[in-house]
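I opened this notebook page to record what I looked up in one protein structure.

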Amino acid sequence: MSGLVGPRERIVKAAVELVADKGAITVSLDDIGARSGASRSQLYHYFEDKDDLIRAVIGATTEAVLGAQEQHLERLDSWPAIAAWFDTMVAFQEQRHARGGCPIGSLAGQLAERDERARVALAESFDRWQSHLRLGLEQMRDRGELRPDADPQLLSTATMASLQGGLLLTQVRRDPAQLRIALDAALAGLRANAAEKRPCEIGDLQD
């Protein structure tokens, strides 16, 4: 968000900050206008209403979350790559002292039952996030590293559920070990779908 300098971008940046501080339901257009230095007429020039602005917050939040993981999400097509991604997620929670949870998940909790268009936008955000692992698992299956009957969509959905559940428990218990437990279970579930190895290849699973 730091590179965004236009009026619309300043408004969205202010809205993202305020939603993180006060919540999507509580924050008002007046709050956002005051933080961004935008008048009411400017707010309505760029956005139909508050709901429209909040959907822009969802988009900006998604870009920030996925951008922070970009290095790992680009190539989730091997066991070491998946394990490294999980390790990074846990390390990030340790650095944050288990505060904040998942920004996308937090928005989902606030908005999914109040705004159908926001719910759809959030579902698309999770789909984008999950698609990186799904594509990686598809490549692993195509290379014969997963069983032919392994379902990358199902496996990536289960992994996303473990990730979100682990992040939630980490936040409420202030304990990054909760995410580690959830992701270790997810990795075990993924590895259970590994293709059969000949005896001389068993060691490869430990790479």
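The entries below follow the order of my reading.

**Entry 1, model and fold.** I noted at the outset that this is a predicted model. I then looked up the secondary structure and found 10 helices and 0 strands in the protein. Read from the N terminus, the order of elements is α-α-α-α-α-α-α-α-α-α.

I took the extent of the C-alpha trace along its principal axes, which is about 70 × 35 × 30 Å. Which percentage of the 207 residues is buried? I recorded 41%. I next turned to the contacts with a separation of 6 or more, and 66% of these join residues 24 or more positions apart.

I asked which residues make a nonpolar surface patch of about 270 Å². Leu-168, Leu-169 and Val-172 make this patch. I then placed Val-172 in the chain and found the residue in helix α9, which covers residues 152–173. Is Val-172 buried or exposed? Val-172 counts as exposed because its relative accessible area is 58%, and the cut-off for exposed is over 50%.

Key: Residues are numbered from 1 along each chain as its sequence is written. This is a predicted model: local features need pLDDT of at least 70, side-chain atom pairs count only at pLDDT 80 or more; totals for chains, interfaces and linings use all residues. Side-chain values use heavy atoms; hydrogens and water are left out. Helices (H or I, at least four residues) and strands (E, at least two) are DSSP runs, numbered from the N terminus. Buried means under 20% relative accessible area, exposed over 50%, partly exposed in between (1.4 Å probe, protein chains only). Contact means heavy atoms within 4.5 Å. Patches are made of residues with over 30% relative accessible area and no salt bridge: like charges are joined within 9 Å, nonpolar side chains (Val, Leu, Ile, Met, Phe, Trp, Tyr) within 5 Å. Accessible areas come from the Shrake-Rupley method with a 1.4 Å probe; for residues, only the protein chains shown count as cover. A salt bridge is a side-chain nitrogen of Lys or Arg within 4 Å of a carboxyl oxygen of Asp or Glu.
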